[in-house]
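Subject: Structure handover and notes

Hello,

Here is the structure we spoke about. My notes follow below it.

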Amino acid sequence: MQDNSVATFWLPATLARDAPKYLAIAQALSADIKAGRLPPGTQLPPQRQLAKALGVDLTTVTRAFNEIRREGLVEGNTKRGTFVSAPRTPRHEPTARYEATAPDTSPLIDLSMNMPPQPADALLREAIRDGIGAVLASPHALLQLHYQDNAGAPADRAAGALFLEPRLGLVDLNRLVVTSGSQAALFAVVSTLMAPGAVLAAPAVTYPGLRSVAARCGVRLVPVAADEDGLIPDDFERLCRMAPPAALYCVPTLDNPTTATLPRERREALATIARRYDIALIEDDAYGALPEAPPAPLAAIAPERTWHIATLSKCATPALRLAYVVAPSLAGALQVTAQTRVTNLMAPPLMAGLATVWIKDGTMARLTASIRRENRARQAIAADALRGFRFRADPDAHHLWLSLPKAWAEADFSADARKAGLAIVGSEAFAVSAPPPALRVSLGAAQSREALRQGLNTLAAILSVPPRGVPAIV
């Protein structure tokens, strides 16, 4: 596509009066592109200049550009500018007719999916290729791809222990189970520990997957108060004095969604209270590998009552559907294994083998370090884009926790964000009790730093404009 060096200062000849401003601008721009008045390669004016010329706010123009970008009529980013796209060549594969008729409902920029970024220097595709090659090159490759022990093959459990050793110390392999990701592990642990009707304590805003598991198992969630440092031990003890729950669930490091990391003293206080009232601890350590020096896990402080879950999805790639569970006893590990046998028989042998290769040859540590660097760069972009707004963040996290200005209701904001081409998750998805006015903003799913910057600038623009209020009723 031709890349013109000078922007064409396009203005619409007319704007439809029976459509919202952003849609009228998008329709006029789309018509001029399709009529050939703006040929492929034409650079459109900067959004701020166009907004000033039309007498509208920046958000209106951003939404208009997002509409025509979804049509495939323009492309580009905030650094290079926006250009008219070259016509797409029709495809003639047998499946093309299905793809052509399926509506494209994906958002332009995803700030909702809490996944690790995949920076180019991670060389993930090459790592997968080489790792799978190493698995298949093993003299026992075919045996490794057969049905395995429900708890995981001995070599894969040993690799899991090696992965966990920097945080947990030496791990008894008899207490370690390889599972198909943290969600499967969480279901196995909760269904092992609790009968329907049991009470599970959790932060007042918590991982949505826990809410799904609790609902499926018939377990009742009760909230424990938290602040910027995470769970408040005094509130946990208050709950225990009233009616001790069967277990306490938490994400102690880089909490999802608040990004809080429990300090060592709070972890020790929670462990002391759990011992006093004989309560199990479920430690979802999904992000524990990301900080270079995290506090000791609960499983290292109270190993006799902690069920530790460590996934590889957040420190390597979501494609690696694998998690290691360390139970507090051999009996507990056998119970989790029995649940695994019923739900999915075993962890995928090829994925387990790939993880084992990566852990042993240092690829896992290299991927995590690359993700850590990218997280820090993206958090710096977020700090710049969202300057002036209240949010909680951590340099090593994939996400941040953004407080909504008082004028905004979460439902209204989420709707406006969707119209502007952003996918975002409000606090309702995380709430065990009344949801606070907040959003989780995930930074890893955006395909590049520039795309992330564009999305966050759009987010800031929406936040800066008060909501329009109740529409007229006709």
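A convention to begin with: angles under 35 degrees count as roughly parallel, over 145 as roughly antiparallel, 65 to 115 as roughly perpendicular and the rest as oblique. The model is predicted, so local features need pLDDT of at least 70 and side-chain atom pairs count only at pLDDT 80 or more, while totals for chains, interfaces and linings use all residues. Residues are numbered from 1 along each chain as its sequence is written, and side-chain values use heavy atoms, with hydrogens and water left out.

Helix pair

Helix 10 (residues 233-242) and helix 11 (residues 264-276) have axes that come within 9 Å and cross at roughly 10°. The two helices are therefore roughly parallel to each other. Axes here are lines fitted to C-alpha atoms, for helices over the stretch in contact, and angles run from 0 to 180 degrees between N-to-C directions. Helices (H or I, at least four residues) and strands (E, at least two) are DSSP runs, numbered from the N terminus.

On the helix 10 side, Pro 233, Phe 236, Glu 237 and Cys 240 meet Arg 266, Ala 269, Leu 270, Ile 273, Ala 274 and Arg 276 of helix 11; contact means heavy atoms within 4.5 Å. The residues of this contact divide into seven nonpolar, no polar and three charged.

An open sheet of seven strands has the order 4-12-11-10-9-5-6, and its pairing is mixed. Two strands pair if DSSP finds at least two bridges between them. Strand 4 (176-179) and strand 6 (220-224) are at the edges with a single partner strand each, so one side of each is left without a neighbour in the sheet. From one strand to the next the twist averages 20°.

Strand 5 and strand 6 run parallel, with five bridges between them, and Pro 203 is opposite Val 224 in strand 6. Strand 5 is mostly covered, with five of its five residues buried. Buried means under 20% relative accessible area, exposed over 50%, and partly exposed in between (1.4 Å probe, protein chains only).

A second open sheet has four strands in the order 13-14-17-16, with antiparallel pairing. Strand 13 (391-393) and strand 16 (425-426) stand at its edges, each with a single partner strand, so one side of each has no neighbour in the sheet. Strand 14 (residues 399-403) and strand 17 (residues 438-442) are joined in the antiparallel sense by five bridges, with Trp 401 opposite Arg 440 in strand 17.

Cores

The largest nonpolar core has 67 residues, and those with the most contacts inside it are Phe 163, Ile 282, Tyr 324 and Trp 358. A nonpolar core is a set of buried Ala, Val, Leu, Ile, Met, Phe, Trp, Tyr and Cys residues joined through side-chain atoms within 4.5 Å. Helix 14 (residues 349-361) gives the most to this core, with six residues. Leaving aside neighbours within four places in sequence, Phe 163 is in contact with Ala 289, Ala 310, Leu 312, Cys 315, Tyr 324, Ile 359 and Met 364. Apart from this core lies another, of 26 residues, including Ile 381, Leu 439, Ala 446 and Leu 456.

Loops

The loop between strand 9 and helix 11 holds Pro 257, and the peptide bond from Asn 256 to Pro 257 is cis, with omega near 25°. Thr 259 is in the loop between strand 9 and helix 11; Thr 259 has a positive phi of about 70° although it is not a glycine, and counts as buried at 6% relative accessibility.

Leu 345, in the loop between helix 13 (330-343) and helix 14, likewise has a positive phi of about 70° without being a glycine. Leu 345 is partly exposed, at 36% relative accessible area.

Ala 316 lies in the loop between strand 11 (306-311) and strand 12 and is buried, with a relative accessible area of 1%. Beyond its neighbours within four places in sequence, Ala 316 is in contact with Pro 116, Gln 118, Trp 358, Met 364, Leu 367 and Ile 371.

Regards

Note on methods: Ala, Val, Leu, Ile, Met, Phe, Trp, Tyr, Cys and Pro count as nonpolar, Asp, Glu, Lys and Arg as charged, and the others, Gly among them, as polar.
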